[in-house]
Each structure stands twice: as structure tokens, then as C-alpha cells.
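Dear colleague,

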Amino acid sequence: MAMIEVQNLTKRYRDRSAIDGLTFSVKEGEILGFLGPNGAGKSTTMKILTGFLPPSEGTAKVAGFDVFEQPLEVKRRIGYLPETPPLYPEMTVRGYLKFVATLKQVPGRGLKAEVDRVAESTGVTNVMDRVIQNLSKGYKQRVGIAQALLGSPPVLILDEPTEGLDPSQRAEVRSLIKGLAGKHTLILSTHILPEVTMTCEKVLIINQGKMVAYDEIKNLASVHGQAESVSLEEIFIKLTAA
Amino acid sequence: MRTALAIARKELSIYFTTPWAYAVFTAMVALSSFFFMGLLQSFQQVQEMAQEHGWNRLPPDAAVYRNLTDGVVAQLWGVVLIVTLFVAPFLSMRLFAEERRNKTFELLLTTPVRPIELVLGKYLGGLGIISTALGLTIVFPLILSVFGASASEAGAALEWPTVLLGYGGVLLWGATCMAVGMFISSLTESQMVAALLTFVVLLPWMLLRGLAQGVEEPLRSFVNYMAFDSQLQNMLVGVLDLKALVFFLSVIFFSLLLTHRTVEAQRWA
């Protein structure tokens with residue numbers, strides 16, 4: 001049984017469909033890279049998987065639980081970083097992480113330790129007592145990642161996790177993500193193609209709501225490209241040209 | 001339940017560590033003080049007139065001015081009710097609207113928090129802040145009891161049971177304003193719109209009594225029943241009115257229910 005199973009997922013708004021007939025699955029411990037141009041439907045798919053939006057058609061299952069029928073069970077098992085990190089500007093980093101840990105039902109006794117743990121793995125330990133609105137964009141992003149990691153959820157859904165980070169911070173997040181594979185199942189969306197090749201095994205390319213590629217990275221070149229060594233970027237541009 | 005308390009604690013910590021609530025407190029105290037002074041002055045005037053001419057010669061409704069409790073405090077609570085109506089929307093407006101604006105609504109709805117816990121937690125936070133705001137007005141009865149003299153020679157200047165019951169009525173009204181304000185806040189992303197809409201809902205409620213004059217029975221009785229100040233009249237003068245309690249608790253319950261529905265509706269968007 002796959003950790004994440006999506007069948008024929010469709011989300012329609014009044015005059016258009018944001019996503020149309022999406023079908024994919026992610027095995028336990030796998031990392032799936034979600035690629036697509038802006039407005040392709042990546043964030044919408046993630047919002048449906050995390051139970052924030054309902055699908056118009058189709059099903060989404062996380063850890064065997066249907067996202068629409070049993071949302072609480074799903075939410076207990078996911079960590080989610082939305083496009084805009086959900087931060088409270090007036091809180092301190094520590095206060096915020098403690099609050100989110102409580103929301104995620106982290107048991108009281110281990111709460112402080114858990115907050116310290118995620119702070120350390122995302123490198124925000126030295127800004128714990130700063131008020132969030134005074135942080136730089138990079139630090140804010142890292143706090144966003146930290147809150148997704150609270151409770152060590154089996155499934156992590158990260159929407160553009162390296163957004164706003166400088167190259168060395170990007171490298172840190174990349175190694176963080178690679179370290180999570182195996183124990184956690186991840187879906188991450190990004191524009192930064194080199195990162196996908198570095199961290200993900202499988203890739204799903206989405207364009208205007210429809211799936212245009214879904215395969216392991218090494219197979220993509222042979223399926224869609226002409227030469228063996230065609231880059232992911234070229235494949236991406238070719239598939240999303242329409 | 002633990003989650004609801006954590007949410008309440010978060011709301012209160014944000015209220016108390018940012019300037020906005022303190023600005024609202026200042027407005028509350030300033031307005032109440034202003035009217036308090038006015039009431040004291042009227043009281044003094046009537047007392048002086050009574051000294052001169054005797055109580056029998058004064059019009060009957062001046063009888064309330066025989067003691068501080070009826071002459072000042074009961075009317076003060078009436079004024080505080082109106083100040084609360086103006087002030088509460090500015091406290092309740094951020095309860096949900098801010099979450100949408102910060103994009104933290106997504107956080108709340110993708111963590112294992114039940115909508116009921118979310119609504120209760122936020123309402124508890126709102127109750128905390130309005131109680132603090134209204135708690136500031138207790139200073140007026142305290143001033144009166146320290147500096148005032150009682151109508152009879154011995155005894156306290158104020159009848160505290162009456163005062164406290166009236167204060168209870170004020171708190172009940174504050175709780176109702178917060179419940180209505182929270183519901184309206186859940187409907188919009190803009191705090192300004194939330195505050196304005198709350199005001200637009202609460203203000204006619206206050207003016208309903210005036211409307212009652214222009215309509216006939218049985219509508220008049222209905223309109224009079226619905227007007228909040230007629231509900232609270234008895235409480236303000238020290239008569240425990242269960243009818244009023246039930247009325248406002250029903251409004252609070254209904255507002256919380258509607259808020260819950262609005263939060264749930266996100267799931268069906």
C-alpha cells in the first residue's frame with residue numbers, strides 16, 4: 001500500500017479546472033518532486049492532500065486514510081509547509097513552535113525537547129527568542145520548515161521549501177531533506193530543477209492542471225528527451241511549452 | 001480541550017504583547033471616565049437641590065439620586081454597555097480575519113485541530129480580553145466606595161451586591177459582543193470589514209428600542225424583547241433576571257454555532 005495515493009484528482013473553480021485527472025502514488029520513504037510552471041496546480045494539489053481544500057472529483061489517500069472522509073487521521077500524519085509559511089509575526093520563534101507543537105498534539109512532556117530538536121535541524125536555534133516579524137526571509141522560511149517537522153510526521157508536504165534561501169542555506173535544506181528520506185515520505189514542489197535532481201527519485205511534472213510526466217528521473221530522459229544526457233530543464237521546457 | 005486552551009493562550013499572548021488592545025483599553029477607560037464625571041456631576045446637582053428644597057419637592061424620578069448605587073453606578077453600567085458596543089468590535093475583529101490574512105488559517109486547518117476546539121479556543125481568548133477591558137471599569141465603583149458617603153449615616157457607600165450584579169450584566173453583554181464579533185470576523189479576511197460589520201450589527205440592536213415606538217403590537221413587544229438594553233435593565237438595577245441570561249446565552253451559543261459552520265465550510269469549499 002502506498003503512503004500517498006491520488007486517483008483522478010480534479011479541482012474545478014467556476015470557469016476553469018486548477019487540476020484535472022491527476023493520478024499518482026508515493027511509496028513509503030520515497031521523495032516525489034513536483035514540478036510545474038507557476039499556476040500549474042502544484043499548490044492546489046498540496047492543499048487538497050493536506051485537507052485544506054476539498055477535491056471536485058477523485059480521491060486522495062494518505063497512509064490509507066481518505067483525506068475527505070477522515071481528515072483528522074490524515075492531519076495527524078502530515079507536516080505541511082504552504083507556499084507562504086504560516087507564521088504569526090507577533091510571536092517569538094520559540095512561542096510559535098511551542099504553539100504549533102501543541103496543535104499537532106505533541107505530548108506535553110517532550111514538547112520542549114521536540115521544539116529544540118526541530119530548531120536545531122533547521123538552524124534556527126540562535127533566533128529562538130526573536131519576534132518573527134523581525135527575522136530575515138531566510139530565517140522565516142526555516143521556521144516554516146521547522147514547524148512542518150514538529151512531531152516527526154511520517155508524511156511531509158513541502159511547497160517550495162527553499163524559497164528565499166541563499167545558496168548555502170539551500171544546500172543545508174537539501175541535505176536535511178535527503179536525511180529525511182527513508183524514514184519519512186516527502187512531496188516537495190519547487191522551481192529549482194537542480195534541487196529535484198539532487199534530492200528526488202521520482203518526478204511529476206504538471207502543466208495547466210494536467211500531468212505531463214511522471215517517472216523516475218533517470219527514465220525521463222529516455223522517454224521524453226532525444227539524447228541520454230538531456231537535462232531536466234530541457235525536458236521541463238519541452239513539456240510545458242504548450 | 002488542551003488545544004482549545006493553547007489557542008486561547010496564544011490569542012491572549014498576542015493581545016497583550018501588541019499595542020492594539022492597550023489602545024482599546026485606553027479608549028474604554030477614557031470614554032467611561034468622561035461619562036462617570038458627568039454622572040457624578042448630575043448626582044451632585046440633584047443632591048444639592050434636595051438639600052435646599054427637600055426630597056419631596058423634587059420630581060419622582062430624582063429619587064434614584066438618593067444613593068450612589070442607583071444614582072451613579074446603575075447609570076454608569078448603562079453607559080459602559082454602550083461603550084462596550086463601540087469598543088468590542090475592535091477587539092473581536094482580529095480573531096479570525098487575522099488568521100486568513102497571515103495565511104495561518106491553513107496551518108490551523110491542516111493540523112489535527114477540530115473546528116470546535118478552534119472556535120472555543122478563540123472565543124475563550126476573546127472572553128479573556130473583553131473581561132480585562134471591562135475589569136478596568138471596576139475602578140469607578142471602587143472610587144465611589146472609598147470616597148463616597150452612604151445615604152444612611154452608617155454603612156457602605158454602595159450596595160455591592162447590586163453593583164456586582166449590574167457588572168455581571170455588563171460582562172454578559174461584553175461576552176455577547178465578542179461572540180457576534182468573532183462570527184463576523186470568521187467571514188472576512190479584512191479586520192476593518194469585520195469591525196465595521198460587527199458595529200453595523202450591534203448598533204441597530206441598541207437602537208431597536210427607539211424603533212419600537214413606531215410600530216404597533218404585537219410587533220412592538222417583540223422588538224422591545226429583542227432590544228438588549230431592555231433585557232439588561234433588570235440586571236443593571238440589581239434584579240437577577242434569568243430571562244436576560246437565557247437570551248444572551250442563546251445569542252452567544254448561536255454565534256458560536258455559526259462560527260463553527262463557517263470554519264467547517266472551508267472543508268467543503
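In this predicted model, the axes of helix 3 of chain A and helix 4 of chain A (residues 111-122) come within 10 Å and cross at roughly 120 degrees. Helix 3 of chain A is therefore oblique to helix 4 of chain A; the limit that matters here is 115 degrees, up to which an angle from 65 degrees counts as roughly perpendicular. The crossing of these two helices is right-handed.

On the side of helix 3 of chain A, the residues involved are Arg94(A), Leu97(A), Lys98(A) and Ala101(A). They meet Leu111(A), Glu114(A), Val115(A), Val118(A) and Ala119(A) in helix 4 of chain A.

I turn next to the interface between the chains. Here, 23 residues of chain A are in contact with 21 residues of chain B. On the chain A side, the elements that give two or more residues are helix 2 (71-76) and helix 3 (93-103). Helix 3 of chain A provides the largest share of that side, namely five residues. The residues of chain A that touch chain B divide into 13 nonpolar, six polar and four charged.

As to confidence, the predictor assigns the complex an ipTM of 0.88 and a pTM of 0.90. For chain B, the average pLDDT is 87, and 95% of the residues score at least 70.

Yours sincerely

Conventions. Residues numbered from 1 in each chain as written. Chains lettered and ligands numbered in written order. Predicted model: local features only at pLDDT ≥ 70, side-chain atom pairs only at ≥ 80, totals over all residues. pLDDT = per-residue confidence, 0-100. Contact = placed C-beta atoms within 7 Å. Helix = DSSP H or I, 4+ residues; strand = E, 2+ residues; numbered from the N terminus. Nonpolar A, V, L, I, M, F, W, Y, C, P; charged D, E, K, R; others polar. Axes fitted to C-alpha atoms, helices over the stretch in contact; angles between N-to-C directions. Parallel < 35°, antiparallel > 145°, perpendicular 65-115°, else oblique. Left-handed = near helix turned anticlockwise from the far one by under 90°.
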